[in-house]
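Me: I would like to go through a structure with you, one topic at a time. Could we begin with how the terms are used?

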Amino acid sequence: MKKSVLSIALALVFGFSATANAPIDGEKKEVNVSESKVTWKGYKVTGSHEGTINLKSGHLVMDGNKLTGGEFVVDMTSITNLDMASGEGKEKLEGHLKSDDFFGVENYPTAKLVITSAESMNKNSYSVKGDLTIKGKTNPVTFVVSIYENKATATLKVDRAKYDVRYGSGSFFDNLGDKTIYDEFDLVVDLAI
């Protein structure tokens, strides 16, 4: 099986799943989760935080050299922060992100993205549609994936308000001032296939 790397830019990701209408004869390319990486970045009025989260499992479905589907599951319990030095602040932020205020990982230990379609835009790029599930809520997402031999890249913005991630959100609370945390976050996913 040929090795390839998929790099999807999202700012907190969570998983992907095979499509029901993917070709039956499509080749399923498994993700090497130990060599894959998901990076997230969230924004607030006073700055931003970024970190990583681990993939639990995943695969892409290919019809020859053409992307047709995929399924990816993210281990939400693995959320880490990278922009703060080790210590109490870092641990507090990571614990808060895992709490019910944010992603409720005790009840929702995984998130998932199911690629429902991938339309070729040119030789190397696809307009991808999928269903993203976070905290048990599923919403459609659209992003562009560019594939070059053993590497692919994409950027995705996720609106956390659609997944009932309410803490510090101006969509749910008034008068937050400089305590406001913006609803959209970015995800960048590097998948080793």
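Reply: Two strands count as paired if DSSP finds at least two bridges between them. The strands (E, at least two residues) and helices (H or I, at least four) are themselves DSSP runs, numbered from the N terminus. This is a predicted model, in which local features need pLDDT of at least 70 and side-chain atom pairs count only at pLDDT 80 or more, while totals for chains, interfaces and linings use all residues. Residues are numbered from 1 along each chain as its sequence is written, and side-chain values use heavy atoms, with hydrogens and water left out.

Me: Which residue in β4 is the bridge partner of V38?

Reply: The partner of V38 is I53. The strands β3 and β4 run antiparallel and are joined by 7 bridges. A hairpin of 2 residues leads from β3 to β4.

Me: How many bridges join β4 to β5?

Reply: There are 11 bridges between β4 and β5, and these strands are antiparallel. Within that pairing, G51 stands opposite N81 of β5. The hairpin of β4 and β5 has 2 residues between the strands, and G64 there takes a positive phi near 70°.

Me: What about β2 and β4, and which residue stands opposite E27?

Reply: Strand β2, residues 27-30, is antiparallel to β4 and joined to it by 4 bridges. Opposite E27 stands M62 of β4.

Me: Turning to the helix, which residues of α1 are buried?

Reply: In α1, residues 88-98, the buried residues are K90, L93, E94 and L97. They fall on the same side of α1, because the arc they cover around the axis is only 95°. That arc is taken from the directions from the helix axis to the C-beta atoms. Buried means under 20% relative accessible area, exposed over 50%, and partly exposed in between, with a 1.4 Å probe and protein chains only.

Me: What covers them, and which exposed residues does the other face carry?

Reply: The cover over the buried residues of α1 includes β3 (32-44), β4 (47-63) and β5 (66-81), where contact means heavy atoms within 4.5 Å. The face turned away from the buried side carries the exposed residues E88, E91 and K92. In general, an α-helix has 3.6 residues a turn, so residues three or four places apart point the same way.

Me: Are F102 and F103 buried or exposed?

Reply: F102 is buried at 7% relative accessible area, and F103 is buried at 3%. F103 also pairs edge-to-face with F185, at 6.3 Å centre to centre and 85° between the planes. This pair links distant parts of the chain, 82 residues apart: F103 is in the loop between α1 and β6 (110-120), and F185 is in strand β10, residues 181-192. F185 counts as buried too, at 5% relative accessibility. F102, F103 and F185 form one aromatic cluster.

Me: And the charged side chains: how many salt bridges does the structure hold?

Reply: The structure holds 6 salt bridges, each a side-chain nitrogen of Lys or Arg within 4 Å of a carboxyl oxygen of Asp or Glu. One of them joins D183 to R160, with the closest N and O atoms 3.8 Å apart. D183 lies in strand β10 and R160 in the loop between β9 (151-159) and β10, so this pair ties together parts 23 residues apart in sequence. D183 counts as buried at 15% relative accessibility, and R160 is buried at 3%.

Me: What is the exposure of K41 and E50?

Reply: K41 is partly exposed at 28% relative accessible area, and E50 is partly exposed at 32%. They form a salt bridge in which the closest N and O atoms are 3.8 Å apart.

Me: Which residue forms a salt bridge with R166?

Reply: R166 forms its salt bridge with D164, the closest N and O atoms being 2.5 Å apart. R166 is partly exposed at 40%, and D164 is partly exposed at 30%.

Notes: Phe/Tyr/Trp six-rings, centres within 6.5 Å; stacked < 30°, edge-to-face > 60°.
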